[in-house]
Amino acid sequence: MIHYIPARLLSLVILIVLPVAGLADSPADSSQHATGDRPRIGLVLGGGGAKGAAHVGVLQVLEEMRIPVDCVAGTSMGALIGGAFAAGMAPDDIERAVNSIEWTQTVGGQQNRDRKPINRKINDNYYSNAIEFGLQDGKLKIPGGFIQTQDIEDEIWQLVANAETVTDFDKLSIPYRAVATDLLSGEMAVLGSGSLPLAMRASMALPGIFSPVELDGQVLSDGGMLRNLPIDVGRELCADIVIAVWMTSPPTTAEDIETALAIFDRSYNLMIGANMREQIASLTDADIGIQVPMGDIDTGDFLRVAEAVKLGRTAAESYAETLSRLSVSEEEYIGWLQAVNRDKSPVYTVADIEVTGNERVNAEYIKANIRSIEPDVPFSLNKLVTGAENIYALGDFDRVSFRVVETGSEPVVEFNVAEKRWGPDFFRFDFGLAAQSSAGLQAILRGEHYRTWINSRGGRWQNVFQFGEQTIVRSDFYQPIDVQQRFFVQPSIVFENDIEDLYDDGDRIAKYFVKQAYAQLDFGMNIGTRAQLRLGLRHGQEQAIPDTGPPGLPELDWQRDTSLQLRAIYDTRNSVGLPTRGSFIHARYVNSEEWFGSELEYSLIEGVISQAFNLNGNSLTYVAGGGTRLDGQIPITQQSQIGGIRTFPGLRPGELRGNEYWFIGTRYAWRLADIQPLFGQALYGGIRLQAGQVNERFDNVREGTLYGISASLSGKVTIGNFLFSLGYVSNDTLRLQFSLGRPVAEGSMLDEID
């Protein structure tokens with residue numbers, strides 16, 4: 001069952017068909033490729049998500065048998081593979097391209113984190129989901145699709161680099177049509193002009209999963225709903241003889257449709273199957289239909305495209321005798337190859353870079369973040385793709401496209417951006433749970449509102465409301481000083497109330513309310529996408545009073561605290577939860593003095609560092625951290641706490657509390673099973689070793705160094721990361737612990753290492 005439900009979800013997610021650009025006005029000119037006395041051959045490729053990679057194997061066999069193709073029509077993955085072929089890409093090159101695609105990034109959205117601006121990384125650090133709502137006219141709105149399509153479109157650009165400037169699909173190396181569905185009229189849209197990459201990207205516009213494309217009064221989505229195998233389109237385009245290719249799967253059993261999601265998936269497939277059977281029935285004795293059995297490869301199995309290619313080749317070879325009647329002489333086939341013009345990707349030199357489509361986002365800010373190209377410096381198409389990826393990573397756009405525009409003198413590059421339509425007010429929601437043996441359940445609920453681009457420099461107003469074990473009410477205003485957003489100022493006001501247990505030599509003796517209310521003004525510098533420095537002045541009040549416990553416990557009753565805050569962050573992790581590569585460093589210095597009437601005087605320094613490695617799909621992480629009092633007496637509100645499932649398994653949160661600590665540890669996580677590998681969802685078994693010590697403890701106990709070992713079961717699922725851990729500590733404690741979703745704070749900078 002681990003594989004079943006997610007695979008069905010992805011079947012929904014990636015059934016595929018692309019919205020595009022403009023309806024075809026007329027069939028392709030039959031004179032474009034001289035055919036002599038032979039009949040014109042139209043290739044029709046059906047949809048099927050990852051299964052559609054089988055089309056590549058079929059193309060390879062057609063080439064080996066010297067069968068020329070005079071036009072191509074495709075739906076879904078058929079539009080993707082067919083578009084690349086029609087643009088002049090050889091079948092072997094298409095195979096290399098699809099095998100080299102990082103599908104976990106292109107469809108799954110993984111490993112994009114390093115391109116994000118550092119401030120966005122910090123804001124997103126602990127969210128267990130990526131769902132973002134908008135507010136317009138007093139109503140919450142969600143994006144048109146739950147999966148971003150920018151990386152998909154960028155990969156498509158790479159596939160059709162030869163035809164970047166072609167807008168009439170009859171002028172491609174091979175005339176081509178893509179099929180979509182107009183959601184407004186409910187009719188099939190046959191797309192023969194406009195942006196070829198956009199047409200191909202439309203083959204993944206499954207309603208509600210991928211955003212549809214709005215074009216010329218149409219809202220274009222999955223063509224499989226009406227024509228998953230567009231034989232009639234291919235015949236009208238040019239074909240005297242049709243070669244149609246479609247994929248089949250084993251019959252569905254009752255066990256396959258035991259969930260509501262599986263039933264919905266099956267219903268959708270039945271709709272597609274019905275229109276496909278009608279098209280197959282239209283094949284004549286002169287046509288050739290190639291059916292490719294796909295075994296257990298599902299529509300969402302993009303990590304198995306290499307297997308799908310081989311299945312396509314095997315199926316086509318089984319039709320070799322029938323296909324042989326369409327073979328031509330070697331001389332005639334060479335002539336056809338020359339006509340389809342399989343040139344390599346061009347090299348560009350442009351005079352300027354322009355940005356269009358932006359309404360709120362500053363164009364100069366966008367240009368400053370392209371980084372991959374410069375005017376008057378030659379570059380290839382992949383540099384344009386990188387530029388689009390860098391723009392998209394800014395987080396303000398639904399999609400980014402580009403084109404090279406020929407002007408009166410020298411060409412220019414135009415990046416067209418589509419800002420998120422559900423903004424500029426956004427909302428996010430999250431939750432976290434933590435539990436352990438011999439203790440109660442800890443829970444937090446969090447909501448966040450932020451308004452972007454309040455001014456031309458990118459001002460952002462953010463409000464946080466969190467309730468539960470740790471209550472936070474926060475409002476801040478992030479204001480970049482320069483257009484490139486290298487420097488910024490950020491005022492904030494914060495109220496925080498933590499419910500914390502206090503321990504005396506391992507025995508819980510009290511529950512405290514630890515409160516802080518303060519205003520802070522930070523001045524900062526962003527260093528690329530990986531580092532940030534902040535210098536801030538904080539002024540407020542702090543309180544720590546017992547809720548339960550014996551009489552005579554220490555209290556801190558609303559004392560004023562003014563402090564200088566210096567922070568440095570460096571972050572290259574590919575993900576926050578269970579990273580498999582990258583580094584993280586966070587250090588802070590706090591100096592509280594009797595400024596502005598402060599009643600506290602102390603200084604401290606604290607820092608953590610981690611490094612993650614990917615070892616054949618498994619994860620190895622090293623962690624070190626520590627903090628110490630430099631001067632004065634640190635109040636209870638600022639003391640470091642060690643313990644909890646993430647900082648020191650086997651100890652309870654806050655079990656060790658004091659002015660000074662050090663910690664080292666390592667974790668190895670084995671990938672036990674894939675839940676949904678395309679989205680990085682997997683089940684891990686792990687083992688952790690750690691050692692640490694807390695000095696100048698709150699309970700005045702001198703315990704020395706503690707050592708710990710723990711075994712864990714963890715994973716990434718749709719609702720967030722989960723972690724079960726059984727930890728043993730050298731003070732003879734053994735504890736089972738659990739967490740789900742957003743991490744519940746455990747009281748030190750080690751909280752930031754997952």
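Reader: Why is Asp124 called buried?
Author: This is a predicted model, and in it Asp124 has a relative accessibility of 17%. Buried means under 20%, so Asp124 counts as buried.

Reader: What makes Asp124 and Arg428 a salt bridge?
Author: Their closest N and O atoms are 2.8 Å apart. The cut-off is within 4 Å, so the pair qualifies. Arg428 is buried too, with a relative accessible area of 8%.

Reader: Which parts does the pair of Asp124 and Arg428 tie together?
Author: Asp124 lies in helix α6, Arg428 in strand β16. The pair therefore links parts that are 304 residues apart in sequence.

Reader: How do you know that Arg235 is partly exposed?
Author: Its relative accessible area is 28%.

Reader: What is the N to O distance between Arg235 and Asp287?
Author: It is 2.9 Å, and the two side chains meet in a salt bridge. Arg235 lies in helix α10 and Asp287 in the loop between α11 and β10, so parts 52 residues apart in sequence are tied together. Asp287 is buried, at 7%.

Reader: Why are Arg486 and Asp482 labelled as they are?
Author: Arg486 has 44%, so it is partly exposed. Asp482 has 12%, under the 20% limit, so it is buried. Their side chains meet in a salt bridge at 2.9 Å, N to O.

Reader: Which residues form one network?
Author: Lys116, Arg120, Asp124 and Arg428, joined by salt bridges that share partners.

Reader: How many salt bridges are there?
Author: The count comes to 40.

How values were computed: Residues are numbered from 1 along each chain as its sequence is written. This is a predicted model: local features need pLDDT of at least 70, side-chain atom pairs count only at pLDDT 80 or more; totals for chains, interfaces and linings use all residues. Side-chain values use heavy atoms; hydrogens and water are left out. Helices (H or I, at least four residues) and strands (E, at least two) are DSSP runs, numbered from the N terminus. Buried means under 20% relative accessible area, exposed over 50%, partly exposed in between (1.4 Å probe, protein chains only).
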